[in-house]
Amino acid sequence: MAIVLGGAADGNMGQVIARVFAQQGATVVVGGRNIDRFKGFADEIGGVAFECDITSKEQVEGIADFTIEKFGKVDIGVNATGWGLLRPFLDNSEDDLDKITAIQFKGPFFFFQSLVRAMKNGGSIIQISSATATIMLDHHAAYMGTKAGIDHVLRTVANEFGKQGIRANSISPGVTATPMAGDSLMHGPVLEAFLKEYPLGRIGTADDIANAAVWLASDECFMTGQNLQVNGGLTLRRNPSESELFAVMPPEAIAHLTA
């Protein structure tokens with residue numbers, strides 16, 4: 001029995017994870033802000049949709065309570081939500097920080113609390129993080145800081161609740177071929193700017209991340225409190241610099257590079 005948050009856009013990472021879990025035999029409750037977008041997808045994978053805004057403590061607690069009431073247990077919880085804020089450090093406003101903290105720190109914190117309470121017989125908690133929680137990307141301080149912060153919170157969950165059989169891990173993609181990346185990233189000089197930093201010679205896919213999540217959720221996974229760098233070796237190198245990106249793409253397109 002799995003809960004997956006984040007999957008409103010067709011083919012995005014949350015949807016692919018939920019679909020792969022369903023293919024592996026899990027019943028999946030998919031949650032997000034726009035319930036109408038989720039109902040059709042949930043029906044398609046044999047799951048259930050539940051309205052759940054990651055910034056609402058009441059709703060992230062509600063999705064765990066709903067799952068327990070309907071299915072009797074929660075085995076897996078995945079947070080695949082995020083906001084790819086790209087803004088120069090000095091231009092980040094208080095509103096920016098309040099919003100990204102709610103989406104990428106407070107909301108996941110409350111979600112993890114609700115999962116721990118629901119996982120009476122153990123389980124797997126998975127956070128979709130980012131390679132940029134480890135390596136640099138220009139103009140990404142608020143995003144990077146909140147991703148790195150919640151990763152560390154997850155380590156405390158792993159440490160404190162391992163005795164209950166709960167494993168807690170995160171996955172760090174690099175640039176990933178999803179609808180949010182946009183067509184401009186998939187071809188030409190922009191793609192080349194990233195490709196040269198990937199030792200395995202390609203950017204990632206949502207399937208790469210979903211397959212890692214399946215392993216983390218499996219009984220065969222003897223790992224907790226860790227961050228999996230599922231990004232083709234990107235963290236051995238670096239992301240392109242601001243000047244390198246601006247040389248090959250308009251600034252407004254850069255906002256589509258992360259999720």
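**Helix packing, then the sheet**

A: Start with a helix pair: Leu97, Ile100, Thr101, Gln104, Phe105, Pro108, Phe109, Phe112 and Val116 in α4 meet Ala142, Tyr143, Thr146, Lys147, Gly149, Ile150, Val153, Leu154, Val157 and Phe161 in α5. Contact here means heavy atoms within 4.5 Å. Helices are DSSP runs of H or I with at least four residues, strands are runs of E with at least two, and both are numbered from the N terminus. The model is predicted, so local features need pLDDT of at least 70, side-chain atom pairs count only at pLDDT 80 or more, and totals for chains, interfaces and linings use all residues. Residues are numbered from 1 along each chain as its sequence is written, and side-chain values use heavy atoms, with hydrogens and water left out.

Q: At what angle do α4 and α5 pack?
A: About 15°, with their axes 9 Å apart. Axes are lines fitted to C-alpha atoms, for helices over the stretch in contact, and angles run from 0 to 180 degrees between N-to-C directions.

Q: Roughly parallel or roughly antiparallel, then?
A: That angle makes α4 roughly parallel to α5. The cut-offs are under 35 degrees for roughly parallel and over 145 for roughly antiparallel.

Q: And which helix does α3 pack with?
A: α3 (residues 57-71) packs with α4 (residues 94-118) at about 25°, and their axes are 9 Å apart. So α3 and α4 are roughly parallel as well.

Q: Which residues meet there?
A: From α3, they include Val60, Ile63 and Ile68; from α4, Phe110, Phe111 and Ala118 are among them.

Q: Switching to the sheet. What is the strand order?
A: β3-β2-β1-β4-β5-β6-β9, seven strands in an open sheet with parallel pairing. Two strands pair if DSSP finds at least two bridges between them.

Q: Which strands stand at the edges?
A: β3 (48-51) and β9 (227-228). Each has a single partner strand, so one side of each has no neighbour in the sheet.

Q: What does α7 touch?
A: α7 (residues 206-217) packs on the sheet and touches β4, β5 (123-128), β6 (166-171) and β9. Its direction makes about 165° with that of β6.

Q: Tell me about β1. Which way do its residues point?
A: Ala2 and Val4 point one way from β1 (residues 2-5), while Ile3 and Leu5 point the other way. All are buried, meaning under 20% relative accessible area, with a 1.4 Å probe and protein chains only.

Q: How many bridges does β1 make with β2?
A: Four, in the parallel sense, with β2 at residues 28-32. The bridge partner of Ala2 in β2 is Val28.

Q: What stands opposite Val4?
A: Val78, in β4. β1 and β4 (residues 76-79) also pair in the parallel sense, over four bridges.

Q: Last topic: His139. Where is it?
A: In the loop between β5 and α5 (141-161). Most residues other than glycine have a negative phi.

Q: How accessible is His139?
A: His139 is partly exposed, at 28% relative accessible area; that class runs between the 20% and 50% limits.

Q: And Gln23, buried or exposed?
A: Exposed: Gln23 has a relative accessible area of 59%, and the cut-off is over 50%. Gln23 sits in helix α1.

Methods
Parallel < 35°, antiparallel > 145°, perpendicular 65-115°, else oblique.
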